[in-house]
Amino acid sequence: MHPTPDFSRRRTLQGMATLAAGGLVPGLHAQPARWPDKPLRVVVPFPPGGLTDAYARLFADHFTQTLGQPSIVDNRPGGGAIIGISQVAKAAADGYTLLVSTSGTVWQNRVLYSKLPYNLDTDLTPIALFPSGPLAVAVAPEVPAKNMREFIAYARERQVNMASYAPGAYPHMVADQLNRHAGTKIQTIMYKGESPMWVDVAGNSAQIGIGSYQAFNTVQGRGVRPIGVTGNYRSPKLPDVPTLAEQGIATPLVKLEGGLALMAPAGTPEAVLLALNKVALACVETERGSKLRESFGIPNKPKDLAGTRKDWDTEVPIWIKMAVELGIKLD
């Protein structure tokens, strides 16, 4: 009788954890008798709802199912994600406290803030990057624009509000670039996550927002209209909506794709990081993971630990350079 794929995957993950705990890998002699032997905490520096929280809960549930220890998601919103990130950066490097946050908060924040209570270069280490897919760019019901060029013309004639799910996040940076290069008058309003952001766009308190398809879709029935998507390819959920690049928007930022970073305190043992990465890769292949990616319109998947680190080394400097050039300071 052959084991089922889920059973085989569970045995593989448990085997890696047992190997790590047994002190057979250099640097793991201080680990307890078996890893994991207590609950895991996944900190999300945003409120429940939205893509970040959804990926964190998917990962946490799969960890519980495959490695036999409870895993909880701890939402700690506020302070531009600094509150939640700080808790993980200062936690013990033992594989039991993790972070899931937007890439911007762990990439650009190092230059967006003059002073942080942690060092993003030395206090945290990446495990996986969950792709966010194309983000929906959508306008409020009262805004007449049908595409991004029409919105730019609209925003040149009057002050409009851009809703951003966090300070220094993708919408904030796009608004700043448009103001600098397209002559618009966009003021950015900060929210603690995507859900309250889109509610205000639906209510015409903000005229435009940028965020995940699934979160945007909760207000699409209330008259919020997509006028474009970010990145280099169209969203599978909005195939008739052209990318901003297709519409001739030349700012480099609109072609970049961020994601949701899964991270641990620096110094977490390598074998534990490998085991956690395996959980991340496995959870998106489950039926629930496939449905999540389908509902958010995300075709891409996270990479193994080596691939994650390679992309991290390549992409993070680009985002940081962009933030420096924009000159945004949040403190």
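Ala, Val, Leu, Ile, Met, Phe, Trp, Tyr, Cys and Pro count as nonpolar, Asp, Glu, Lys and Arg as charged, and the others, Gly among them, as polar.

The model is predicted: local features need pLDDT of at least 70, side-chain atom pairs count only at pLDDT 80 or more, and totals for chains, interfaces and linings use all residues. Residues are numbered from 1 along each chain as its sequence is written, and side-chain values use heavy atoms, with hydrogens and water left out.

Now the geometry. Helix α7 covers residues 170–181 and helix α12 residues 305–326, and the two pack at an angle of about 50 degrees with their axes 10 Å apart.

On to the largest pocket. Which element gives the most to its lining? That is α12, with four residues. Elements giving two or more residues are β4 (124–131) and α12. The lining consists of Leu-129, Pro-131, Glu-257, Gly-258, Asn-300, Lys-301, Pro-302, Lys-303, Thr-308, Asp-311, Trp-312 and Glu-315. By class, that lining has four nonpolar, three polar and five charged residues. A pocket is an open set of points on a 1 Å grid, where a 1.4 Å probe fits, with protein on both sides within 12 Å along at least five of seven lines; lining residues have an atom within 4 Å of a point.

How values were computed. Axes are lines fitted to C-alpha atoms, for helices over the stretch in contact, and angles run from 0 to 180 degrees between N-to-C directions.
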